[in-house]
Amino acid sequence: MDILIWIVVFIATFLGMEFMAWFTHKYVMHGFLWALHKDHHLKDHKSWWERNDLFFVFYAVVSMYFFMVAEFQFAVAIGAGIAGYGLAYFLVHDIFIHQRFKLFRKADHWYAKGIRRAHKIHHKHLGKEDSECFGMLIPPKRFLKNNK
């Protein structure tokens, strides 16, 4: 029974991270820490590294905290859920959408197209205001409807 609880905690943490990503993106990245996120929208740099990548580092540190420091029963499951979401974020956002590595270029699945369209709409606005589609794995339904 313990393993089932660990799996549920992992899945709940992974899914909760989609909300955290949305919240952080909308109110922190497009809010008081816009200075770190701005280069992701404007591409005002010549480096492969973006200041925006510091958000990824922050969540990696939080995940490591749960693996290495937190001493309660499901800390490792929570750390694994955060790390799993971080891996999904990296694969979907950095590799699939922004093509930081030239992989998954010809994905022709309705869900993949929906995620890509929602993110394109998000990047349509170059400033910190008026953006939409702040999540990553769960795009608004209107972006999924016409992709099947």
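Ring pairs link Phe19, Trp22, Phe23 and Tyr27 into a cluster. The model is predicted, with local features needing pLDDT of at least 70 and side-chain atom pairs counting only at pLDDT 80 or more, while totals for chains, interfaces and linings use all residues. Residues are numbered from 1 along each chain as its sequence is written, and side-chain values use heavy atoms, with hydrogens and water left out.

**Exercise 1.** Classify the aromatic pair of Phe19 and Phe23, and locate both residues.

*Solution.* 
Step 1. Rings of Phe, Tyr and Trp (its six-membered ring) pair if their centres lie within 6.5 Å; planes under 30 degrees apart count as stacked, over 60 as edge-to-face and the rest as tilted.
Step 2. The structure holds 12 aromatic pairs. In the pair of Phe19 and Phe23, the distance is 6.1 Å centre to centre and the planes are 35° apart, which is tilted.
Step 3. Both residues belong to helix α1 (residues 2–32), where they are 4 residues apart, about one turn of the helix. Helices (H or I, at least four residues) are DSSP runs, numbered from the N terminus.
Step 4. Phe23 counts as partly exposed because its relative accessibility is 36%; buried means under 20% relative accessible area, exposed over 50%, and partly exposed in between (1.4 Å probe, protein chains only).

**Exercise 2.** Explain why the pair of Phe56 and Phe90 is tilted, and state which parts the pair ties together.

*Solution.* 
Step 1. The ring centres of Phe56 and Phe90 are 6.4 Å apart and the planes stand at 45°, so this pair is tilted.
Step 2. Phe56 is in helix α3 (residues 53–68) and Phe90 in helix α4 (residues 75–97); the pair therefore ties together parts that are 34 residues apart in sequence.
Step 3. Phe56, with a relative accessible area of 38%, is partly exposed. Phe90 also counts as partly exposed, at 23% relative accessibility.

Conventions: Helix = DSSP H or I, 4+ residues; strand = E, 2+ residues; numbered from the N terminus.
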